[in-house]
Amino acid sequence: MNVGILGTGLMGFPISVNILTKNNTVKQFYAWNRTKSKAEPLAEYGAIVVDNATEVIENSDVILIMLSQYEIIDLVLFESCSESLSLGNKTIIQMSTISSDQTLSLKDKLLNLNETNVFIECPVLGSASVAKEGQLQIMIGGTQEQHDQYSDLLLSTGKAIFYIGEVGKASTLKLALNTIISGQTAVFAQSLSIIENAGLDFDTYMKIVNDGPASCPYFNFKSKNMRTRNYEEVAFPAKLFLKDLNVIMSECEKFNITTDVLKGIQKTLEHTVESGLGEKDMSAIYNSINRQEQDE
């Protein structure tokens, strides 16, 4: 089969590399990105880098979507590529983090163009470095048959694949998981700010954390960035952290779940992005939490 991808940024690029280097069933692999230069290095791995999204749709049996937000996905698929999709027999595997309602909207639009099209949701859990290592956790929303059919392709990019249920369910699960990560990042930054401003020993602090009920490998991963105030190595940018949090909050409202806990994180992240750190790693939220950093 021929496979294509729309979006070769922070996550789409390593996902593409893993498919190109690990999967022997893909005959041709087509890649498109709004900024073409981000896709061009994939040619070294055998990808055909094209100038527009329509070329990916026309030449691919299966199209992976890894774009930053719903509005862009909708624009690319149903304004730029609607004519190509209306011919049918295209499988769209949507991997971006969007809400369940947005996911269902994309599915409806795709099938309205042609009922022979197939829509599968496939959000992933893991950072850019995890994607590079091929260790993503993959969640599929669709039918069991679709899970079975595309598992080999998707496992080229990850270590485990989970069938969640009908379309929409996997998006909700991904947002629930991202809620944990949002809380961990913000609460650890808050805790570390107390330690640093009080002049307490970091190593002792982390030993107690790691040996106790609050132990979490993620804290060790993010503590280096926060302590050095160096957010250049981007596992996930702060601006997309904020985008995902906004989507999480909309999902909560759908289920009549209070968002009071998340509103403080949202406000802090908005400050992080407004202060010019939106392109930096999400751990840059530390600078907005620690007031001493804001005064410098």
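This is a predicted model: local features need pLDDT of at least 70, side-chain atom pairs count only at pLDDT 80 or more; totals for chains, interfaces and linings use all residues.

Modeller: Residues are numbered from 1 along each chain as its sequence is written, and side-chain values use heavy atoms, with hydrogens and water left out.

Colleague: How much space lies in the largest pocket?

Modeller: On a 1 Å grid over the protein atoms alone, a pocket is an open set of points where a 1.4 Å probe fits, with protein on both sides within 12 Å along at least five of seven lines. Grid points are joined across faces, edges and corners, and a volume is the space filled by probe spheres set on the points. For the largest pocket this space is about 1200 Å³.

Colleague: Which residues lie nearest the centre of the largest pocket?

Modeller: Lining residues have an atom within 4 Å of a point, and the largest pocket has 43 of them. Those nearest its centre are Leu10, Met11, Ala235, Phe236 and Pro237.

Colleague: Which element gives the most to the lining of the second largest pocket?

Modeller: The second largest pocket holds about 360 Å³ of space. Its lining comprises 16 residues, with Phe221, Asn225, Glu233, Val234 and Ala235 closest to the centre. Helices here are DSSP runs (H or I, at least four residues), as are strands (E, at least two), numbered from the N terminus. With 5 residues, the element that gives the most is H11.

Colleague: Is Asn225 buried or exposed?

Modeller: Asn225 is found in helix H11. Beyond its neighbours within four places in sequence, Asn225 is in contact (heavy atoms within 4.5 Å) with Asn230, Tyr231, Glu233, Asp281 and Ser283. Buried means under 20% relative accessible area, exposed over 50% and partly exposed in between (1.4 Å probe, protein chains only). Because its relative accessible area is 13%, Asn225 is buried.

Colleague: In E5, what is the bridge partner of Ile63?

Modeller: Strand E4 (residues 62–65) is covered on both faces, with Val62 and Leu64 buried on one side and Ile63 and Ile65 buried on the other. Two strands pair if DSSP finds at least two bridges between them; E4 runs parallel to strand E1 (residues 3–6), with 4 bridges, and parallel to strand E5 (residues 91–94), also with 4 bridges. Val3 stands opposite Val62 in E4. In E5, the partner of Ile63 is Ile92.
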